Amino acid sequence: MRFAIVGGGPAGTQAATHAARLGVEVALIERDVVGGAADLWDCIPSKAMIATGGAMSFLVRAEHMGLEPVTPMLDLDRLRGRIGSITGRLGASTTAILRSQDVDLIRGEGRLVGPHQVLATTAEGTRELEVDAILLATGSRPRIPDWAPVDGDRVLATRDAYPPKELPEHLVVIGSGVTGVEFVHMFSSLGCGVTLIVSRQQVLPSKDPEVAAVLEEDFIRRGVKLMKGARAIGIDRTDDGVSVRCDDGRVARGTHALLAIGSIPNSASLGLETAGVEVDDRGYIPINHHCQTNIPHIYAAGDLSGKLPLSSVASMQGRKIAEHVVIGHTVSHRHLNYDKAASAIFTEPEIADVGLAEADAFAEGRKVRVTKVPFASTAKALIDNDPRGFVKIVSDPATGVVLGGSIVGQHAAELISVIALAVTAGLRVQDIVESMLVHPTLSQALAEAAD
Ligand SMILES: Cc1cc2nc3c(=O)[nH]c(=O)nc-3n(C[C@H](O)[C@H](O)[C@H](O)COP(=O)(O)OP(=O)(O)OC[C@H]3O[C@@H](n4cnc5c(N)ncnc54)[C@H](O)[C@@H]3O)c2cc1C
């Protein structure tokens, strides 16, 4: 069995390592960096900068923990070096794993030239691979509309911001979804002034209003200006910065602007037509529950597939595809259920959720039991001097099965794992209550909320 993969992000690398482990002959074509945009541009650099901002906020807060006040100073060059070293180490370690499993790693641009043929264009020339199965996992890139004159200097796309050439005195962030609010948090914790343009009346429009409210409160406390109900339609460079024009006539002024308004799939030059692979009108490749395209031996995964744009989901799709390529559908091969994917927003406080949301249950008219416990009632939150936020668990009132949950507070992204496991494994609230957890920890709030 020969398997060719185009794109070495989380979807491609996970499919490659898992398929190789199952005995498949795998070739992986990557034009840039193994680890993909996830490691180089998206998840990792953004979280590394957020961690530095978090360290700064922690030092400031530490004053309330019996220390003399500290004023931390940011060193942009050292921050840049730190990000480079993290992404470099991750890329090297993934490459080493692929090589140790005899994956044929091809540095170059890949595209289909037939239903079973993939062409790799490398620095040395071209190489055509004849294979039994193909995975397209080429990811996505930031969406930049015509009205945004991105120059990487004053008008930034997300990829220009790790970190920018200079720290903005005042940053106007356009877009209040997950990426937008993470950038607001990142730059405000590094000491920049920030204005956030929010197209609706709530940041994170798709999230539980109670969760979004905690974040808005934190932004306002830090002096972030929220411009609600406004849609950006143009950006002008001024002598000392930028003016962002909105559709209702308002203008947001700053030294820099940053666009966080979604992404577009990398599907344009993949030669899809040569194999008859269908693409939708937005450029995504539709897939079924096995991640197969309309051509059964050609799979698509990750951001290209238009499902949840998360690195964790891309990796799991890659793993499932490897299994499907090798063994097809068996009883032990569980389908991916995107409704059970945990996700997090790395703001302060962090926000994380999984499974059924209270608001969705309400909208569906579904009977659920919702229990909520504030972190302020746990010893550990008081010890850590950060009692913000809460744990909410949604369960089935008849069976006690955990259906979902959300957490707002420090380490929410880690803590949600317990609820995610319960949702995936069909555990009951009683299973969480009866776990003898460590004291004092924040996870005790989970057991209390489950009770
Ligand atoms: C700012 C930001 C922060 C994010 N943070 C998180 C987070 O914290 N957690 C999370 O789960 N998700 C996060 N995401 C989403 C996550 O980055 C994506 O969902 C993930 O990268 C998708 O993985 P992928 O495998 O589809 O593609 P990618 O990671 O985009 O990798 C695709 C690879 O394909 C290569 N490629 C493209 N075309 C070709 C070609 N023709 N030939 C060869 N190679 C090609 C590219 O060079 C790239 O390396 C974030 C996104 C953004 C924008």
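## Contacts and domains

Two residues are in contact if their C-beta atoms, placed from the backbone, lie within 7 Å. By that rule, 15 residues of domain 1 are in contact with 13 residues of domain 2. The model is predicted: local features need pLDDT of at least 70, side-chain atom pairs count only at pLDDT 80 or more, and totals for chains, interfaces and linings use all residues. Residue numbers start from 1 along each chain as its sequence is written.

The protein is assigned domain 1 (2–142 + 264–327), domain 2 (155–261) and domain 3 (349–450). These bounds come from an automatic or database domain assignment. Taken over C-alpha atoms, the centres of domain 1 and domain 2 are 28 Å apart.

## The seven-stranded sheet

Helices (H or I, at least four residues) and strands (E, at least two) are DSSP runs, numbered from the N terminus. Two strands pair if DSSP finds at least two bridges between them. Seven strands form an open sheet with mixed pairing, in the order β5-β4-β3-β2-β1-β6-β17. Its edge strands, β5 (125–130) and β17 (298–300), each pair on one side only. From one strand to the next, the twist averages 35°.

Strand β2 (residues 25–30) pairs with strand β3 (residues 104–114) in the parallel sense, over four bridges. Ile29 has Ile106 of β3 as its bridge partner. Helix α1 (residues 10–21) packs on this sheet and touches β1 (2–6), β2 and β6 (133–136). The direction of α1 makes about 165° with that of β2. Axes are lines fitted to C-alpha atoms, for helices over the stretch in contact, and angles run from 0 to 180 degrees between N-to-C directions.

## The five-stranded sheet

Another open sheet has five strands in the order β8-β15-β9-β10-β11, with parallel pairing. Here the edge strands are β8 (155–157) and β11 (225–228), each pairing on one side only. Neighbouring strands are turned by 20° against each other on average, direction ignored.

Strand β10 (residues 193–198) pairs with β11 in the parallel sense over four bridges. Thr195 has Lys225 of β11 as its bridge partner. Helix α5 packs on this sheet, touching β9 (170–174), β10 and β15 (256–259). The direction of α5 makes about 165° with that of β10.

## Where domain 1 meets domain 2

On the side of domain 1 that touches domain 2, the elements giving two or more residues are α3 (43–61) and α4 (76–100). Helix α3 gives the most, with eight residues. By class, this side has ten nonpolar, four polar and one charged residues. Ala, Val, Leu, Ile, Met, Phe, Trp, Tyr, Cys and Pro count as nonpolar, Asp, Glu, Lys and Arg as charged, and the others, Gly among them, as polar.

## How α3 packs

Two packed helices are described by the angle between their axes and the distance between the axes. Helix α3 packs with helix α5 (residues 178–189) at about 45°, with axes 8 Å apart. That makes α3 oblique to α5. Angles under 35 degrees count as roughly parallel, over 145 as roughly antiparallel, 65 to 115 as roughly perpendicular and the rest as oblique. The contact residues include Met49, Gly53 and Gly54 of α3 and His185 and Met186 of α5. The α3–α5 contact has four nonpolar, six polar and one charged residues.

Helix α3 also packs with α4, at an angle of about 135° and with axes 10 Å apart. The two are therefore oblique to each other. Among the residues in contact are Ala48 and Met49 of α3 and Ile83 and Ile86 of α4. By class, this contact has eight nonpolar, two polar and one charged residues.
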